[in-house]
Amino acid sequence: MVGQIFRFGAASTAASENRETDLSLADGTDAVILVGGKGTRLRPLTLSAPKPMLPTAGLPFLQHLLSRIKAAGIKHVVLGTSFKAEVFEEYFGDGSGLGLEIDYVMEDEPLGTGGGIRNVLPKLRGDTVLVFNGDVLGGTDPLAVLRTHREKNADVTMHLVRVGDPRAFGCVPTDEEGRVTAFLEKTQDPPTDQINAGCYVFSREMVEQIPADRPVSVEREVFPKLLTDGAKVYGHVDAAYWRDMGTPEDFVRGSADLVRGIAPSPALNGQSGEFLVHEGAGVAPGALLMGGTVVGRGAEIGAGARVDGAVVFDGAKVDAGAVVERSIIGFGVHVGPRALVRDAVIGDGAQIGARCELVGGARVWPGVIIPDGGLRFSTDV
Ligand code: GDD
Ligand code: MG
């Protein structure tokens, strides 16, 4: 079942999007989303759910991307799955609930990003393929990337953005015509701050050329080879909202940006606010919700608790006087009275005792019980 949004606090208007109007660009285009990664950097949350299905602003992350694809007028979506493959189909079904037609292609053994693209070939219907990494939150209209592809008559066009630290990404320099001159995946010595934003347009023939039935990295093998072979690979550069949601810091920030309307998502219907509380959640008087916090279904926030820029999953409980900042609180977690949770990830069902302090990148594994006062960074009680 596709989720619904409930109540935003202190409503405001969502950031406007840079909409393309020419929907005919979408004709003959299939969208392919790579969702087969293990999401290791988001463990322990990704032990029980694949990264694209983690709730962000109250919806599985992937639903925000699907709504963007739908808004661009693209009807047919193929999900390239591997890790926890069944979860996607259980939730999205045939896609009709979102006005899409969704197909699923499962890799028994992960085939890598390039292998994942090649593997969906039998399901493609059109001549043009728009590929997305399944963990990117973006404000770019896919039609704008498609338009660049048509204008340049390119073999492959990739969406590029500028970031502060390019070392964690694919670094992609271009010439003055926008033609890609190199593809350097996760280099320690990036020649430019321009990086691969994780969205590509491929012609169908280019997909056919990817080797079949073995793992292939699109970043480390396909793109470098295309460039060596002289294929026409172009960049579409813009300055729209962009964030890879692969780490806890980015995940909490991206979710908060969605809630506050800083990151646009058609799935939120233009709603935004300082916080988002779901149906069946209880917020005691005097509790303070801020910074784009999300409180999931059936979750409870106690009196005087302060929850700032956090993602509280369904059924979690934050007791009176606790402080939760920039953290992810897993399903059914219990944060005890006056505990402090800052920049931490708490796995499903864990119990954090009263007055405990969890800070600075702490990760608590599912079901772990920390007794009252059992973990602190100071000696005062
Ligand atoms: N089907 C399938 N099979 N999907 C996969 C596989 C696989 O074997 N491996 C990874 N994926 C999916 C992940 O689920 C994710 O949605 C996407 O491919 C990218 O994988 P990440 O693991 O998130 O890669 P990254 O963030 O380190 O780097 C990639 O994204 C950056 C932008 O966010 C690269 O494409 C970089 O070049 C890029 O800059
Ligand atoms: Mg990623």
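Trainee: Where does ligand 1 sit?
Mentor: Ligand 1 sits in the largest pocket. Sitting there requires more than half of its atoms to lie within 2 Å of the grid points. A pocket is an open set of points on a 1 Å grid over the protein atoms alone, with protein on both sides within 12 Å along at least five of seven lines, and lining residues have an atom within 4 Å of a point. Before we go on, this is a predicted model, where local features need pLDDT of at least 70 and side-chain atom pairs count only at pLDDT 80 or more, while totals for chains, interfaces and linings use all residues. Residues are numbered from 1 along each chain as its sequence is written, chains are lettered from A and ligands numbered from 1 in the order in which they are written, and side-chain values use heavy atoms, with hydrogens and water left out.

Trainee: What volume does the largest pocket have?
Mentor: About 890 Å³, where a volume is the space filled by probe spheres set on the points, which are joined across faces, edges and corners. The pocket is lined by 39 residues, and Arg-41, Lys-51, Thr-113, Asn-133 and Asp-135 are the closest to its centre.

Trainee: How do the residues of that lining divide?
Mentor: Into 11 nonpolar, 17 polar and 11 charged. Here Ala, Val, Leu, Ile, Met, Phe, Trp, Tyr, Cys and Pro count as nonpolar, Asp, Glu, Lys and Arg as charged, and the others, Gly among them, as polar.

Trainee: Back to the ligand, which residues come nearest?
Mentor: Glu-185, Lys-186, Asn-196, Glu-219 and Asp-244, out of 26 residues around ligand 1; being near takes a heavy atom within 4 Å.

Trainee: Which polar atoms lie by its oxygen atoms?
Mentor: Asn-133 has a polar side-chain atom 3.0 Å from an oxygen atom of ligand 1, and for Asp-135 the side-chain distance is 2.8 Å. With Asn-196 a polar backbone atom is involved, at 2.7 Å from a ligand oxygen. A polar contact is a pair of N or O atoms within 3.5 Å.

Trainee: Buried or exposed, that ligand?
Mentor: The protein buries 90% of the 740 Å² that ligand 1 exposes when taken alone, by the Shrake-Rupley method with a 1.4 Å probe.

Trainee: New topic: how many cavities are there?
Mentor: There are 2 of 30 Å³ or more. A cavity is a set of points where a 1.4 Å probe fits but cannot get out. The largest cavity holds about 150 Å³ of space, and its lining has 18 residues, with Phe-132, Val-136, Gly-138, His-159 and Cys-199 nearest the centre.

Trainee: And what lines the second largest cavity?
Mentor: His-64, Leu-65, Arg-68, Val-136, Leu-137, Gly-138, Pro-264 and Ser-265. Helix 1 and strand 9 each give two or more residues to that lining; helices (H or I, at least four residues) and strands (E, at least two) are DSSP runs, numbered from the N terminus. The volume is about 40 Å³.

Trainee: Last one, where is the cis peptide bond?
Mentor: The cis bond joins Arg-43 and Pro-44, with omega about 10°. Pro-44 is in the loop between strand 3 (29-34) and strand 4 (55-56). Also look at Ala-57, which has a positive phi of about 50° although it is not a glycine.

Technical notes: A polar contact is a pair of N or O atoms within 3.5 Å; within protein, one must be able to donate a hydrogen and the other to accept it, and residues adjacent in sequence count only if both atoms are side-chain atoms.
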